[in-house]
Every structure is written in structure tokens, then in C-alpha cells.
Amino acid sequence: MVKLAIFASGSGSNAEAIFRYFKDSPEVEVALVLSNKADAGVLERARNFQVPTLTFNRKELYETGFVRDQLQEIDWIVLAGFLWLVPAALVEAFPGRIINIHPALLPKYGGKGMYGRHVHEAVLKAGEKESGITIHYVNERYDEGNIIFQARCPVDPSDTPESLAGKIRELEHRHYPAVIDRLLNNGSAG
Ligand code: GRF
């Protein structure tokens, strides 16, 4: 059994898509959900799928090694709306086995502060004709790891940050679990 841990700070709709996808899988188990926010929606979603949860603070992630110690049994880390930087020690402990999803076509519209609504506002302000999602490996810098997969959607003149967010969310839920599955099973998302 390949064991996944999901890190998330927010609502967790992507995490839920992943729980659903692997719910009856004989090969892949979502073994733990970790959050830096005690009231994050993702924790409730995890409980609904009987996935164990853990919350942690800055010190436990960046200084004491507490978070890393909780991941002894874990094979892959999936970030799904996790807003803190992954510490180098964790990147080193999981070489090529931490991935993230970003709600735009990296390398554009990435980096610190580019999350949620800020991304869609920037895409609209720049007059882009298309946006999309990027699934990528995680390194010690925000949104800069190698790209594994992208999917695109049109940006229409009538789009608002909310309507664009809806299109992106649909792409994320459709592709993130399937790309994870392909990565875990073949080591590539091709
Ligand atoms: C997603 O748009 C994802 O791309 C980004 O954070 C958002 C998380 O949304 N990294 P949710 O909490 O999964 O609904």
C-alpha cells in the first residue's frame, strides 16, 4: 500500500476529491491530513472520510522536527491549498515525492502571495485569454519545482475572479487525483 499525506490550510475541496478517488483503492491510502489551521474545512472533510488528521504550528514544522516525525510511514506528500513554505528538511526527506497544485499556468502567476483569488485577479487584470492548473514537484521555493502536468481553460471577457475560480476548481478536481494515481503507479504522469 502506498501511503499519502495531504497538507492543506483551507477548505480542502481538492483533498476531498483525492479522498473520494482513492476511497476503495487497494493500492493507495490517504493515511493522514495535516493542517496548520485548527479550523480549516479540510479537517472536517477528512473526518467524514475517516482519514486521520493532525494540526501543527510553525515551530513544529520549521524547528522541532515534530511534523517530519509524524511522516515515518508516509511515502508521498500531496499539497492541496497549503499556504506555508515546505521546509528544506522535508523536501530532502521526500526527494521527488512532494507535489503541489497551483491554480494558474506556471511559471506565470506563481510565487509568494499568489494564491486563491489573487491569482485569478492577476490573470484577469493581465487580459490573459487562457488560464489553467499546474501540478508540479515541490522544492524550497514557492511554485518553482518541475512541472508534471498542466490543463487549460479559456478566459472569457465576461469572467470574474469567481467564475474563473469555478472553472479552475473543476479542472483541479478532475485532474489532480488522476495525475497522483499515475505518478504513484508508474512514477510518471504521462
Ligand atoms: C486550489 O485552487 C489549489 O490550486 C491551491 O489552493 C486551492 C485549494 O482549494 N493551491 P481547496 O482548499 O482544495 O478547495
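Mentor: Start with a term: a polar contact is a pair of N or O atoms within 3.5 Å. The model is predicted, so local features need pLDDT of at least 70 and side-chain atom pairs pLDDT 80 or more, while totals for chains, interfaces and linings use all residues. Numbering runs from 1 along each chain as its sequence is written, and side-chain values use heavy atoms, without hydrogens or water.

Now the ligand. Around it stand S11, G12, S13, N14, G81, I101, H102, P103 and E172, each with a heavy atom within 4 Å. I101 uses its backbone, with a polar atom 2.9 Å from a ligand nitrogen. P103 also uses its backbone, an N or O atom 3.5 Å from a ligand oxygen.

Follow the chain on from P103. The loop between β5 (98–102) and α6 (117–125) holds P107. Helices (H or I, at least four residues) and strands (E, at least two) are DSSP runs numbered from the N terminus. The L106 to P107 peptide bond is cis, with omega near 15°. Most peptide bonds are trans.

Go back to S13. This ligand neighbour also belongs to the contact between α1 and α2. Helix α1 covers residues 13–22, and helix α2 covers 41–48. Their axes come within 9 Å and cross at roughly 15°. That makes α1 roughly parallel to α2 (an angle under 35 degrees). The crossing is right-handed: the near helix is turned clockwise from the far one by less than a right angle. From α1 come S13, A15, E16 and F19; from α2 come V42, R45 and A46, with heavy atoms within 4.5 Å counting as contact. By class, the contact residues are four nonpolar, one polar and two charged.

Most residues other than glycine have a negative phi.

Note on methods. Axes are lines fitted to C-alpha atoms, for helices over the stretch in contact, and angles run from 0 to 180 degrees between N-to-C directions. Angles under 35 degrees count as roughly parallel, over 145 as roughly antiparallel, 65 to 115 as roughly perpendicular and the rest as oblique. Ala, Val, Leu, Ile, Met, Phe, Trp, Tyr, Cys and Pro count as nonpolar, Asp, Glu, Lys and Arg as charged, and the others, Gly among them, as polar. A polar contact is a pair of N or O atoms within 3.5 Å; within protein, one must be able to donate a hydrogen and the other to accept it, and residues adjacent in sequence count only if both atoms are side-chain atoms.
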